Amino acid sequence: MRAARLAEPRPASSYPLVVQDLDTPTAAQDEVVIEVSTCGVCRTDLQLVEGDLAAHRLPITPGHQVVGKVREVGSGVEDRHVGQRVGVAWIASTCGKCRFCLSGRENLCEAATFTGWDGDGGFAEMIVADAGFTYPLPDGFDDVEAAPLLCGGTIGLRSLRVSGIQRGDRLGLFGFGASATCVIQIARAWECEVFVCTRSVREQQRARDLGAVWAGGYEDSPPSKLDAAITFAPVGSVVVDALRSVDRGGVVAVNAIHLDRIPEFSYDLLWEERQIRSVANVTRRDAVELIELAAEIPIRTQTEVFDLDDVNTALERLSSGALAGAAVLAIS
Ligand SMILES: [Zn+2]
Ligand SMILES: [Zn+2]
């Protein structure tokens, strides 16, 4: 089977992924082999490929927004069957017995492993996954539409929860990529007023088209004080911009696995019980709930489709901000 492999992290512009032929994988106990139909390309993949996020294993096949059909079922797997359409997301396994796992916070499990970081991901014709970490996908979105929901959508939903946003509140989104595109649709369904700050004028227009009441640049403060904000841009100064925009008691949820330094800021900005909270990974429950919400609202994703052989082009376009939607690899 063909897979896009990273041997050594380097800039996306130098085309670091190489498509190679690998042995066909088989399913061990509790695992399934999935024939990959589509796989989304996420900023975390880019950060891993470029070395901003330190590799756990090399060489590795990145990709953690995988949609495909079960091709083989390992022993002990009862609730997945050959031919079933499933998704695989960022969280690949947890210990199942630590205090975090036992309290519904498996995203914080210290023994957790991650798709395309600890084990090979979905930039390939096949992937092996722990059956308990696969998600049956309802009809209503095709394989291309479903892929960006699995990370961008799921982490977006978790960010909304971490932000503490309530129905009808005023929400700020700082950065407007694939995840924010899902978040605005959920927030609108919850009747929130959404304010979007992003550098790109084209993204500002896209935000208004999706129902933002206001859109501007990072340096333009939203016209109303926000109840909560979520930052998506991988830039520390944006966290301070967001903090400046939230009202007393407001939360800034930082949706980033890797961020450059947050610049020093006056305690006055944090005073009055404002909070900054990071959003770390996702639980399986987040993924299941997002998939249900996505079908119900319904959440519409905007995508740009690439062949597996063009994976480096997809990463390069993501890196330069040239994408007009979430990048998705169409593999088989
Ligand atoms: Zn991701
Ligand atoms: Zn655990």
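**Close-up views of a predicted model**

In sequence, the residues that donate to the zinc ion (ligand 1) follow the spacing C-x21-H-x86-C. Keep in mind throughout that this is a predicted model.

**View 1. The zinc ion (ligand 1) is held by Cys42, His64 and Cys151.** Look for the SG atoms of Cys42 and Cys151 and the NE2 atom of His64, which coordinate the zinc ion at 2.0 to 2.2 Å.

**View 2. Helix H2 crosses helix H6 (residues 284-296).** Their axes come within 9 Å and cross at roughly 100°, so H2 is roughly perpendicular to H6. On the H2 side, the contact is made by Leu149, Leu150, Gly153, Thr154, Leu157, Arg158 and Arg161. H6 brings Asp286, Ala287, Glu289, Leu290, Ile291, Leu293 and Ala294. Sort this contact by class and you get 8 nonpolar, 2 polar and 4 charged residues.

**View 3. Helix H1 packs against helix H7 (residues 311-320).** Here the axes are 10 Å apart, at an angle of about 105°. H1 and H7 are therefore roughly perpendicular to each other. Which residues of H1 meet H7? They are Arg43, Asp45, Leu46, Val49 and Glu50, and they meet Leu315, Leu318 and Ser319 in H7. This contact divides into 4 nonpolar, 1 polar and 3 charged residues.

**View 4. Strand S10 (residues 170-174) pairs with strand S11 (residues 193-197).** The two strands run parallel and are joined by 5 bridges. To find your way around, spot Gly172, which stands opposite Phe195 in S11. S10 is largely enclosed by the rest of the structure, because 4 of its 5 residues are buried.

**View 5. Helix H5 (residues 236-245) is largely enclosed by the rest of the structure.** Why say that about H5? Because 8 of its 10 residues are buried. Those are Gly236, Val238, Val239, Val240, Asp241, Ala242, Leu243 and Ser245. And what covers the buried residues of H5? The cover includes S10, along with strand S13 (226-231), strand S14 (246-254) and strand S15 (275-278).

Technical notes. Residues are numbered from 1 along each chain as its sequence is written. Chains are lettered from A and ligands numbered from 1 in the order in which they are written. This is a predicted model: local features need pLDDT of at least 70, side-chain atom pairs count only at pLDDT 80 or more; totals for chains, interfaces and linings use all residues. Side-chain values use heavy atoms; hydrogens and water are left out. Donors are N, O and S atoms within 2.8 Å of the metal (3.2 Å for Na, K and Ca); water is not among the atoms, so sites may look incomplete. Axes are lines fitted to C-alpha atoms, for helices over the stretch in contact, and angles run from 0 to 180 degrees between N-to-C directions. Angles under 35 degrees count as roughly parallel, over 145 as roughly antiparallel, 65 to 115 as roughly perpendicular and the rest as oblique. Contact means heavy atoms within 4.5 Å. Ala, Val, Leu, Ile, Met, Phe, Trp, Tyr, Cys and Pro count as nonpolar, Asp, Glu, Lys and Arg as charged, and the others, Gly among them, as polar. Buried means under 20% relative accessible area, exposed over 50%, partly exposed in between (1.4 Å probe, protein chains only). Two strands pair if DSSP finds at least two bridges between them.
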